[in-house]
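Hi everyone, thanks for making time.

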Amino acid sequence: MSRLKNKIERITDITEKLVKPVSIDITTNNEALINGSKGVIEYTDERVKINCGNMIIGFYGNCLSITSLCVDEVLVTGEIIRIDFTNC
């Protein structure tokens, strides 16, 4: 039984390291910082879609632009009118 428990603990530990939590910091309707990004799926001046692993976050508005601050962070700026979440 302890071997099974050890295997389960190792799998849980590995899973926790692979699945990073996603957070969004919205400063105003002009700026949102997404932590936990896996990449940008779509990018126009009216729509930005970001892959966050198990969900896609969509930003809709005017004059949108993106800045990648590091590997898993994306800053969306511009007039953000709407944000939606889609499960993958």
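Okay, so the chain has 1 helix and 6 strands, where helices (H or I, at least four residues) and strands (E, at least two) are DSSP runs numbered from the N terminus. Read from the N terminus, the order is α-β-β-β-β-β-β.

Some housekeeping: this is a predicted model, with local features needing pLDDT of at least 70 and side-chain atom pairs counting only at pLDDT 80 or more, while totals for chains, interfaces and linings use all residues. Residues are numbered from 1 along each chain as its sequence is written, and side-chain values use heavy atoms, with hydrogens and water left out.

Now burial. Of the 88 residues, 24% count as buried, meaning under 20% relative accessible area, with exposed being over 50% and partly exposed in between (1.4 Å probe, protein chains only).

So what's in the largest nonpolar core? It has 11 residues: Ala32, Ile34, Val48, Ile50, Cys52, Ile57, Phe59, Leu64, Val74, Val76 and Ile80. By nonpolar core I mean buried Ala, Val, Leu, Ile, Met, Phe, Trp, Tyr and Cys residues joined through side-chain atoms within 4.5 Å.

Take Val74: leaving aside neighbours within four places in sequence, its contacts (heavy atoms within 4.5 Å) include Ala32, Ile34, Ile50 and Ile66.

Cys63, in strand 5, has a phi near 55 degrees, a positive value in a residue other than glycine. Is Cys63 buried or exposed? Cys63 is exposed, at 63% relative accessible area.
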